[in-house]
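Hi everyone, thanks for coming. Let me put the model on the screen, and then we can walk through it together.

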Amino acid sequence: MKIFVTPPMNHLELSELGDKNFYILGQLYKRDEKYREYTKNAVKQGRFTILDSGVGDEGEVLTNKELFKLTLEIQPNEVIPLDVLYNKEETLNNFNQFLNWMKDARRKGFLYKRTSILACPQGDTYEDWMECYRYFLNNDFVSCIGMSKKAIPHIMKNPDIAEARTLLVAKLEEQDLLRKPLHFLGQGNPIEFKCYNTNHHAIRSTDSCYPILSALHGVEIEKEGVFKRIPTPPDYFEKEVKEEDIELIKKNVDYLRRCCTSTLK
């Protein structure tokens, strides 16, 4: 299972602690020249890139049209069409609109075939979410399915991110519905990933700022004892990382990686 490390704006090099990848936040790309340059270099270097609209974060969220324009400009490996929290219909409408734009751009030679879709199911109820999930599962243009840290606790009626997602993954496996790779958007307790068979083809990757955020609070996740999640603050991307924080950040990334590769002892 691969990990994407999401750092503050002034420390984008910390993303290189991940697995040769970069999680692109469209709202940051849109507003910051240094972020744009770093992103373009990451693409040139062949790092695996995912472009997101910013739905799961505090602050600005790109429109579907803005996101598509950035897709043409960046040519990422995957893009997440604009999903709308807890709303199946709007999420599917946005997905189909985005897909039509992609098909048209490919016909005209404006979009490389390397860019595929990571679709994130939404719904106000478990039944709605499952309908959305099945729609993406059966759509040939969807290469990967996103597991939201907000939508899934909502539809599972369990506020604990790790518990809600592990319960849902177990239900999907029982129904033989783990047929496409899953990307876990953000995290609660990193021990969540040790609960999965990380060698299973469907358990693909996760992105998180948490190894860095916890280090900025002086927390070594592995030695924390009873885990208590620190919510991501609205100003996370403006945070400054000090030299003395780096070693703890590396320890936290290593712990997350061991959780994600079933090597945690």
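**Cavity, sheet and overall fold**

Searching the whole structure turns up one cavity of 30 Å³ or more. A cavity here is a set of points, on a 1 Å grid over the protein atoms alone, where a 1.4 Å probe fits but cannot get out, and lining residues have an atom within 4 Å of a point. Points are joined across faces, edges and corners, and the volume is the space filled by probe spheres set on them.

Before going on, a word on the basis: this is a predicted model, where local features need pLDDT of at least 70, side-chain atom pairs count only at pLDDT 80 or more, and totals for chains, interfaces and linings use all residues. Residues are numbered from 1 along each chain as its sequence is written, and side-chain values use heavy atoms, with hydrogens and water left out.

So, how big is the largest cavity? Its volume is about 40 Å³. Among the residues lining it are Val 5, Thr 6, Phe 22, Tyr 23, Leu 25 and Phe 237. Strand β2 gives the most to this lining, with three residues; strands are DSSP runs of E, at least two residues, and helices are runs of H or I, at least four, numbered from the N terminus.

Now the sheet. Eight strands make an open, parallel sheet in the order β1-β8-β7-β6-β5-β4-β3-β2, where pairing takes at least two DSSP bridges. Both β1 (2-5) and β2 (21-25) are edge strands with a single partner each, so one side of each has no neighbour in the sheet.

Further in, β5 (residues 116-119) pairs with β6 (residues 142-147) in the parallel sense over three bridges. Ala 119 sits opposite Ile 145 in β6. Helix α4 (residues 88-107) packs on the sheet and touches β4 (78-79), β5 and β6, a contact being heavy atoms within 4.5 Å.

Last, the whole chain: it has nine helices and eight strands. The radius of gyration, over C-alpha atoms, is 18 Å, close to the 18 Å from the globule rule (2.2 Å times the number of residues to the power 0.38) for 265 residues, so the chain is as compact as a globular protein of that length.

Key: Axes are lines fitted to C-alpha atoms, for helices over the stretch in contact, and angles run from 0 to 180 degrees between N-to-C directions. On a 1 Å grid over the protein atoms alone, a cavity is a set of points where a 1.4 Å probe fits but cannot get out, and a pocket is an open set with protein on both sides within 12 Å along at least five of seven lines; lining residues have an atom within 4 Å of a point.
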